[in-house]
Amino acid sequence: MARVKTGVRAVGAVLVAVLGASLVGCSSTGGKRAEDARKAAAAGGRAAVDTPRWTFGMVTHSGDGDTFWDIVQNGAKQAAVKDNIKFLYAHDDEAQQQAQLVDSYIDKKVDGIIVTLAKPDAMKGALARAKKAGIPVITVNSGSAESKEFGALTHIGQDETIAGEAVGEELNKRGRKKALCILHEQGNVGHEQRCEGAKKTFEGTMQNLYVTGTNMPDVQSSIEARLQTDKSVDAVVTLGAPFADAAVKAKEGAGSKAEIDTFDLNEKVAAGLKSGSLGFAVDQQPYLQGYEAVDLLWLYKYNADVLGGGKPVLTGPQIITKDQAAELEEYAKRGTR
C-alpha cells in the first residue's frame with residue numbers, strides 16, 4: 001500500500017505548538033487560555049501539520065446516549081484538528097449494523113478506520129474487507145485479543161481482564177464480602193472479561209447480574225430488586241459510568257448499605273466520588289483512546305510508524321478514589337476525562 005510522505009515542516013510545527021502550550025500553562029491564566037484554545041480547536045482550529053487532508057472514520061458499538069463515547073470522540077476530534085484529518089463517526093450497538101457501517105466507510109475509500117470489537121466474530125469479515133481495500137485499521141476499547149489476528153495495526157485501550165483483577169483487589173482492600181457485577185450489554189466480551197477478572201482476585205463472592213442497558217429504568221429496578229432480596233450484598237460494580245447513577249438510586253430505593261463502584265469516569269462519577277456516594281472508579285481514559293487512535297493512524301500514514309510492538313497500547317486501568325476526584329472533576333466537566 002502506498003504511503004504519502006509529505007510535510008517536512010510537520011515536526012517543527014508540532015514542537016512550536018507544544019512549546020506554546022507549555023508557556024500558556026505557566027501563566028496565572030494558563031488554565032483558562034488552554035481551555036479557550038481547546039474549544040477553538042474543537043470548533044475547527046488550524047492544523048499543526050501540512051500533510052494531506054486524509055479522512056479517518058471511527059465506528060463503535062455505542063448505544064444512543066452513552067456519554068463514554070462522547071469523551072472518546074472529544075479526543076479523536078482534537079487529534080484530527082491537529083493532524084489535518086477529516087474525522088467521521090458512526091455507531092450502532094447491534095454488531096451486524098456496526099459491521100455494515102465499517103463497510104460504508106470502505107465504500108467511501110476513507111484513509112483509515114478506527115473500530116471497536118465488542119462482538120468480534122461479527123466484525124471479522126468487515127476488517128478483512130478493509131485490509132483487502134488497503135485501508136489501515138486500529139482497534140480501540142474492546143477486542144484486544146482479536147485485534148492483531150484480524151489485521152489491525154494495533155489496539156488502544158485497557159486489558160479488560162487486568163482491569164477486572166484490579167477491581168477484585170480493590171474490593172478486598174475495602175473489606176467487601178459479596179458483590180454484584182452489573183453487565184449491561186449481553187454478548188460484549190469485554191464486559192464478561194471484566195467480571196471474570198474481578199472474580200479471579202476477589203476473595204469474597206461475586207455474582208453477575210444482566211440488565212438491559214438501553215433501558216435505564218430497567219437497570220435501576222433490576223439492581224434494586226436484587227438488593228432488596230439479598231441484604232448481604234455489600235458492593236455493586238457497574239461496567240459504565242452512566243449506570244453508576246442508576247445503581248446509587250437503586251441502593252437508596254432498596255435501603256441497602258452496599259458500596260457502589262464503577263468502571264469509567266465522567267463528570268457525574270467524579271462528583272459522586274467527591275461526595276462519597278461512589279467508592280471508586282476504574283478509569284480507562286477514553287479521551288486518550290480517541291486521541292491516540294487518530295494520532296497513530298496519522299503517524300502510520302505519514303511515517304509508517306506503529307506503536308505497541310504487536311501488543312496493545314494500554315490506557316488503563318487506573319483506580320480513582322475520593323482523593324483524586326476533585327482534581328479530575330475539572331477535566332471531566334470539560335469532557336476530557
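The structure described here is a predicted model. Its mean pLDDT is 89, and 87% of the residues reach 70 or more. The chain includes an open sheet of six strands with parallel pairing and an open sheet of six strands with mixed pairing.

**The second largest pocket**

- The volume of the second largest pocket is about 560 Å³.
- Three helices, H3 (67-82), H8 (189-201) and H10 (241-254), each contribute at least two residues to the lining of this pocket.
- By class, the lining of the second largest pocket comprises 17 polar, eight nonpolar and eight charged residues.

**The sheet with parallel pairing**

- The strand order in this open sheet is E2-E1-E3-E4-E5-E11.
- Strand E2 (86-91) and strand E11 stand at the edges with a single partner strand each, so one side of each has no neighbour in the sheet.
- From one strand to the next, the twist averages 20 degrees.
- Strand E1 (residues 55-60) pairs with E2 in the parallel sense over six bridges, and Thr55 stands opposite Lys86 in E2.
- Helix H12 (residues 286-303) packs on this sheet and touches E1, E2, strand E3 (112-115), E4, E5 and E11. The direction of H12 makes about 160 degrees with that of E5.
- Strand E4 (residues 137-140) and strand E5 (residues 155-158) run parallel and are joined by two bridges. His155 in E5 is the bridge partner of Thr139.
- Strand E5 also pairs with strand E11 (residues 313-316), in the parallel sense and over three bridges. Here Ile156 stands opposite Val313 in E11.

**The sheet with mixed pairing**

- The order of the six strands in this open sheet is E7-E6-E8-E9-E10-E12.
- At its edges stand strand E7 (205-210) and strand E12 (318-320); each has a single partner strand, so one side of each is left without a neighbour in the sheet.
- On average, neighbouring strands of this sheet are turned by 25 degrees against each other, direction ignored.
- Strand E8 (residues 235-238) and strand E9 (residues 259-263) pair in the parallel sense over four bridges. Thr238 stands opposite Thr262 in E9.
- Helix H7 (residues 160-173) lies across strand E6 (178-183), E7, E8, E9, strand E10 (281-283) and E12. Relative to E9, helix H7 runs at about 160 degrees.

**The cavity**

- The structure holds one cavity of 30 Å³ or more, and the largest cavity contains about 40 Å³ of space.
- The lining of the largest cavity consists of Ile138, Leu153, Thr154, Leu296, Tyr300, Asp305, Val306 and Leu307.
- These lining residues divide into six nonpolar, one polar and one charged.

**Confidence in the model**

- The mean pLDDT of the protein is 89, whereas over residues 1-30 the pLDDT is below 50.
- Where pLDDT is low, the predicted coordinates should not be read in detail.

Terms used
Residues are numbered from 1 along each chain as its sequence is written. This is a predicted model: local features need pLDDT of at least 70, side-chain atom pairs count only at pLDDT 80 or more; totals for chains, interfaces and linings use all residues. Side-chain values use heavy atoms; hydrogens and water are left out. Two strands pair if DSSP finds at least two bridges between them. Axes are lines fitted to C-alpha atoms, for helices over the stretch in contact, and angles run from 0 to 180 degrees between N-to-C directions. Contact means heavy atoms within 4.5 Å. On a 1 Å grid over the protein atoms alone, a cavity is a set of points where a 1.4 Å probe fits but cannot get out, and a pocket is an open set with protein on both sides within 12 Å along at least five of seven lines; lining residues have an atom within 4 Å of a point. Grid points are joined across faces, edges and corners, and a volume is the space filled by probe spheres set on the points. Ala, Val, Leu, Ile, Met, Phe, Trp, Tyr, Cys and Pro count as nonpolar, Asp, Glu, Lys and Arg as charged, and the others, Gly among them, as polar. pLDDT is the predictor's confidence in each residue, from 0 to 100.
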